[in-house]
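Here are my notes on the model you sent over.

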Amino acid sequence: MDAARRAKTVLATATSVEVGCAGRRVRLWRHAVEQTGGLLFPFARLAPECADRVVPGARGPLVHAVASDVTSVPLADRVRGTVRLSGVLETVTDPSDDLVERLGARPGELVARVVPRSVTLEWHVESGAGAG
């Protein structure tokens, strides 16, 4: 498994992700990861300091995100780690109904996307059922 897949695995399986800009972070309990590595979440959950800088269709602010695998359940071959990424915030103009539902957003609510420009991964793979 290459580093990009490991990072997407940690990001996709994280219970929550912290996202922020302008010195303010919020914890997001619902998010999704695109195959390209883009991070998706309900726009309404952004901190006002970030949301106020976004104009749909225009280049958004630089955003930082952190996701960690913190589960206490050991599992052989599980990728564990912390992913830190930064990238430009965009809005998704026409999210699918499935995506809106998965994110817990309301119909018609904007969905945000962070397109990663920089990704840092600290990781390890558990070796057995008793690993941790």
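**Notes on the predicted model**

1. Glu90 makes a salt bridge to Arg113, with the closest N and O atoms 3.3 Å apart. The two sit in distant parts of the chain, Glu90 in strand S6 and Arg113 in strand S7, 23 residues apart.

2. Arg113 turns up again in the strand pairing. S4 and strand S7 (residues 111–125) run antiparallel to each other, paired over four bridges, and Leu40 is the residue standing opposite Arg113 in S7.

3. Val33 stands opposite Leu39 in S4. The S3 and S4 pair is a hairpin with five residues between the strands, and Gly37 in that turn has a positive phi of about 100 degrees.

4. How far does the confidence go? The chain averages a pLDDT of 86, and 87% of the residues score at least 70. By element, S4 has the highest mean pLDDT (95), while helix H1 (residues 3–13) has the lowest (85).

5. S6 and S7 are linked by another charged pair. Glu122 forms a salt bridge with Arg84, the closest N and O atoms being 3.4 Å apart. Glu122 lies in strand S7 and Arg84 in strand S6 (residues 79–92), so this contact ties together parts that are 38 residues apart in sequence. Glu122 counts as partly exposed at 48% relative accessibility, and Arg84 is partly exposed too, with a relative accessible area of 38%.

6. Arg45 forms a salt bridge with Glu109, the closest N and O atoms being 3.1 Å apart. Arg45 lies in the loop between S4 and H2, and Glu109 in the loop between helix H3 (97–103) and S7, so the pair ties together parts that are 64 residues apart in sequence.

7. Why call Ala47 buried? Because its relative accessible area is 2%, and buried means under 20%. Leaving aside residues up to four places away in sequence, Ala47 touches Arg24 and Val26. Ala47 and Arg24 are 23 residues apart in sequence, yet 6.7 Å apart in space, C-alpha to C-alpha.

8. Which cysteines form a disulfide? A search of the whole structure finds one disulfide: Cys21 and Cys50, their sulfur atoms 2.3 Å apart. The bond links distant parts of the chain, with Cys21 in strand S1 (residues 17–21) and Cys50 in helix H2, 29 residues apart. Cys21 is buried, and Cys50 is buried too.

9. Last, the overall salt-bridge count: the structure holds eight. Besides the pairs discussed above, salt bridges with shared partners join Glu18, Arg25 and Arg27 into one network.

Conventions:
Residues are numbered from 1 along each chain as its sequence is written. This is a predicted model: local features need pLDDT of at least 70, side-chain atom pairs count only at pLDDT 80 or more; totals for chains, interfaces and linings use all residues. Side-chain values use heavy atoms; hydrogens and water are left out. Two strands pair if DSSP finds at least two bridges between them. pLDDT is the predictor's confidence in each residue, from 0 to 100. Buried means under 20% relative accessible area, exposed over 50%, partly exposed in between (1.4 Å probe, protein chains only). Contact means heavy atoms within 4.5 Å. A disulfide is a pair of cysteine sulfur atoms within 2.5 Å. A salt bridge is a side-chain nitrogen of Lys or Arg within 4 Å of a carboxyl oxygen of Asp or Glu.
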